[in-house]
Amino acid sequence: APFEFGVACEAFGLDRSDDGIPAFDFRIVTPDPGAVPSSMGFSVNVENDLSFAYEADLVIACPIPRETWADVDERVLDVVRHAAARDAWLLSVCSGSFVLAASGVLDGKCATTHWRYTDTMIGMYPQIDVDPDVLFVQTGRIITSAGTAAGLDASMHLLRQELGPEAANRIARRMVVP
């Protein structure tokens, strides 16, 4: 989903060092580098495999096609589990929460996803306390967001925790969001 993918890129992928914000070593990864099709009829060429994700301080799960929610690539699930085990941040945007759910890292925790998909998530993962009425949920170092714009809110929430309110406000001002 291009917009949700763009949320992650905008929040964490831009060099804002001219605003006094530390630059992130942001990389887009995929199990099989090459053209990754979008839901809008174009592809994104991704050069990096999943290797970097095994050491990243933050792993972001963007939405995947609905038909793959019950069959997420095991290599991706391994990255998510490994990130959780080493206490890295995990952030899902919109239905990217299904990736985290499939990995088991949300078991016994509160989470959210887009309101259109909460009943599906509850049915697929009854061990997760799914809250359909919030913009995002943080449980420890895992943040799930309810939708596209909520992904921005969740990202700003994480940036505020990691960089402090002054830096988060500079980022928000540049992105023109609250």
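Setting aside neighbours within four places in sequence, Ser-95 is in contact with Pro-63, Ile-64, Trp-69, Thr-113 and Tyr-117 (contact means heavy atoms within 4.5 Å). This serine sits in the loop between S4 and helix H3 (97–103); helices (H or I, at least four residues) and strands (E, at least two) are DSSP runs, numbered from the N terminus. With a relative accessibility of 5%, Ser-95 counts as buried (buried is under 20% relative accessible area, exposed is over 50%, and partly exposed is in between, with a 1.4 Å probe and protein chains only). From the C-alpha atom of Ser-95 to that of Ser-38, 57 residues apart along the chain, the separation is 14 Å.

A quick word on the model itself. It is predicted, so local features need pLDDT of at least 70 and side-chain atom pairs count only at pLDDT 80 or more, while totals for chains, interfaces and linings use all residues. Residues are numbered from 1 along each chain as its sequence is written, and side-chain values use heavy atoms, with hydrogens and water left out.

Now for the sheet. It is an open one, built from 4 strands in the order S3-S4-S8-S7, with mixed pairing (two strands pair if DSSP finds at least two bridges between them). Strand S3 (58–61) and strand S7 (136–139) are the edge strands, each pairing on one side only. On average, neighbouring strands here are turned by 10° against each other, direction ignored. S3 and S4 pair in the parallel sense over 4 bridges, and Ala-61 stands opposite Ser-92 in S4. Strand S4 (residues 89–92) also runs parallel to strand S8 (residues 142–145), joined by 3 bridges; there, Ser-92 stands opposite Thr-144 in S8.

In a regular strand, side chains alternate between the two faces of the sheet.

What lies across S3, S4, S7 and S8? Helix H5 (residues 148–163) does, running at about 155° to S8; axes are lines fitted to C-alpha atoms, for helices over the stretch in contact, and angles run from 0 to 180 degrees between N-to-C directions. Helix H1 (residues 2–12) packs with H5 at an angle of about 20°, and their axes are 9 Å apart. That makes H1 roughly parallel to H5 (angles under 35 degrees count as roughly parallel, over 145 as roughly antiparallel, 65 to 115 as roughly perpendicular and the rest as oblique). On the H1 side, Phe-3, Glu-4, Val-7, Ala-11 and Phe-12 meet Thr-148, Gly-151, Leu-152, Ser-155, Leu-158 and Leu-159 in H5.

Not counting residues up to four places away in sequence, Ser-155 touches Val-7, Ala-11, Phe-12 and Leu-91.

Another pairing involves strand S1 (residues 34–37), which runs antiparallel to S2 and is joined to it by 4 bridges. Pro-37 has Ser-43 in S2 as its bridge partner. The hairpin of S1 and S2 has 5 residues between the strands, and Gly-41 takes a positive phi near 90° in this hairpin. Further along, Ser-51 lies in the loop between strand S2 (43–46) and S3. Is Ser-51 buried or partly exposed? At a relative accessible area of 46%, Ser-51 is partly exposed.
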